[in-house]
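Biologist: Could you walk me through this structure and tell me how you back up the words you use for it?

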Amino acid sequence: MAQFVEPRSRKVRILATLGPASRSPEMVERLFRAGADAFRVNMSHGAQADHAKTIETIRALEKSLGRPTTILVDLQGPKLRVGTFADGMAMLKTGQDFVLDRDPTPGDAKRVCLPHRELFVALEDGSRLLLDDGKLVLRVLKAGHDRIETKVEVGGVLSNNKGLNVPDVVVPLAALTEKDRSDLAFALDHDIDWVALSFVQRPEDVAEARRLIQGRAALLAKIEKPAALERLESILEIADAVMVARGDLGVELPPQDVPPMQKRIVECARRMGRPVVVATQMLESMIKSPTPTRAEVSDVATAIYDGADAVMLSAESAAGDWPEESVAMMNSIANAVERDPGYAARVHFTETRPDPTTADALAEAAGAIAKTVSAAAIICFTSSGSTARRVARERPSVPLLVLTPKLETARRLGLLWGVHAVRTKDVASFEEMIAKSKRMALRHNIAKAGDRVIIMAGVPFGTPGSTNVLHVARIVGDELKRHTSAD
């Protein structure tokens, strides 16, 4: 029999990456109990067979807990890399000339292979090339079909297969490599809930991934290229969610530009009703240290004050020495922020105007009514999850209990602010809806005797996207005693 798991008291979600330090069944459960709401599987590292075991472990935990658990698979994307060197590395001196060419011969201090022919036609004279996460900087002097002549502006040691960033041009690369297509097919065959698309540059990248996914998972676009920022709204129109991926974004943009861009992405996603995840280096020092820096704590808190749906741990939980402590620390920070009396005002700095639809009008009204009548919770019935997304967009002051007959919907809602999703049998009448709402609120300790709850649904029941009912009910307290059949 499944254990009962209390709903989280906080609204922001925690997305923890699993890896060598954390993918054992024991550690995955410890991370969940420390505060992880969803788990990320990073296809950039490890073999598919290892990832299959990780996914199996998460699903086994889900079954034992009786709580829908969210899995996000993060595709590697078209990562650009230089070739190899005869000595494994080369020292590039500031001011020297350096050539990138298509010759696969191992390189030296004067040249190296660049195995991406698309770059040779895309680069323009004067473009910057950033190597090894921006540690080295080259300036293009002359770009040809098989040779790119550059000047080293910031020198250093360049070793085999180091990453290359091109911030000044849109590179004509397919958003999905052959590896990504294989990994995507693998992920969909394993019934994962979210797919994260890396190095998105344009809306067409997201549309291509959506075409391949065919509704079998939700799609998250990672914003880590300056080109994506120029077409952010168009990308969000197609994507189901967005991630502020500060790793490569922080390489391609000056560091001081990343915080304003983060706020812009979070604000845009919230206005458009898309879940937004803030990621990369949130508690970076906890890879090796049991405690974070004060600046890291402030960074996590800022994302939560801005109203992000989720904050993410990368190497801290995947490969660090303190995975459980990292999750627990993020959980503690989130709870402290949300207890702040000023939190509610700050999280509503972003104005989220409802669309001129009945569903949006009711979602906005639900938050206002909850505050006016001091309701304990908002309860919504949904098949597709759209009602939950609309209500969560308003950042209501009370918990959001989402009841759905679809397990895939309950799982996908694990990245959504304030949501506790429960898979339950559908209802067929208004009276059944009210009765079930009261029972589920009591069963999951969302409300108690004497509390008011706000109930939202669509009539006729079971019709996706038809939210048109809002009802305020009072819980007596004996609803579970009067009901004997399972929900």
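What follows is a conversation about the terms used for this structure and the values behind them.

Biologist: What should I know about where the model comes from?

Modeller: It is a predicted model, in which local features need pLDDT of at least 70 and side-chain atom pairs count only at pLDDT 80 or more, while totals for chains, interfaces and linings use all residues. Residues are numbered from 1 along each chain as its sequence is written, and side-chain values use heavy atoms, with hydrogens and water left out.

Biologist: How do you know what the radius of gyration of the protein chain agrees with?

Modeller: The rule for a globule is 2.2 Å times the number of residues to the power 0.38, and the radius is taken over C-alpha atoms. For 487 residues a compact globule would come out near 23 Å, and the protein chain has 24 Å, so the two agree. Along the principal axes, the C-alpha atoms fill a box of roughly 80 × 45 × 40 Å.

Biologist: How many helices and strands does the protein chain have?

Modeller: There are 17 helices and 21 strands. Both are DSSP runs numbered from the N terminus: helices are H or I with at least four residues, strands are E with at least two.

Biologist: What makes Cys380 buried or exposed?

Modeller: Buried means under 20% relative accessible area, exposed means over 50%, and partly exposed is in between (1.4 Å probe, protein chains only). Cys380 has 0%, so Cys380 is buried. Cys268, at 4%, therefore counts as buried too. Across the protein chain, buried residues make up 56% of the 487 residues.

Biologist: With those cysteines in mind, how many disulfides are there?

Modeller: The count comes to zero. A disulfide is a covalent bond between the sulfur atoms of two cysteines; the rule used here asks for a pair of cysteine sulfur atoms within 2.5 Å.

Biologist: Why is Glu153 called partly exposed?

Modeller: Glu153 has 37% relative accessibility, so Glu153 counts as partly exposed. Glu153 sits in strand 9, residues 147-154. Leaving aside neighbours within four places in sequence, Glu153 is in contact (heavy atoms within 4.5 Å) with Thr94, Val137, Leu138 and Arg139. Glu153 and Gly95 are 58 residues apart in sequence, with 5.9 Å between their C-alpha atoms.

Biologist: What share of contacts in the protein chain comes from residues 24 or more positions apart?

Modeller: Among contacts with a separation of 6 or more, such residues account for 68%.

Biologist: What makes Glu62 buried or exposed?

Modeller: Its relative accessibility is 8%, so Glu62 counts as buried. Glu62 belongs to helix 2, residues 48-65. Not counting residues up to four places away in sequence, Glu62 touches Arg67, Pro68, Thr69, Leu407 and Arg411.

Biologist: And where does Asp205 stand, buried or exposed?

Modeller: With a relative accessible area of 5%, Asp205 is buried. You will find Asp205 in helix 5, residues 203-213. Beyond neighbours within four places in sequence, Asp205 contacts Ala175, Leu197, Phe199 and Val200.

Biologist: What is the phi of Phe199?

Modeller: The phi of Phe199 is near 55 degrees, a positive value in a residue other than glycine. Most residues other than glycine have a negative phi. Phe199 lies in the loop between strand 12 (194-197) and helix 5, and at 12% relative accessibility Phe199 counts as buried. Asp133 also has a positive phi, of about 55 degrees, although Asp133 is not a glycine; Asp133 lies in the loop between strand 7 (128-131) and strand 8 (136-143).

Biologist: Why is Pro106 called partly exposed?

Modeller: Pro106 is at 40% relative accessibility, so Pro106 counts as partly exposed. Pro106 is in the loop between strand 5 (97-101) and strand 6 (111-113). Setting aside neighbours within four places in sequence, the contacts of Pro106 are Thr84, Phe85, Ala86 and Arg111.

Biologist: How do you know whether His471 is buried or partly exposed?

Modeller: At 25% relative accessibility, His471 counts as partly exposed. His471 is placed in strand 21, residues 467-474. Apart from neighbours within four places in sequence, His471 is in contact with Phe430, Ile434, Val453, Ile454 and Ile455. The C-alpha atoms of His471 and Arg117, 354 residues apart along the chain, are separated by 60 Å.
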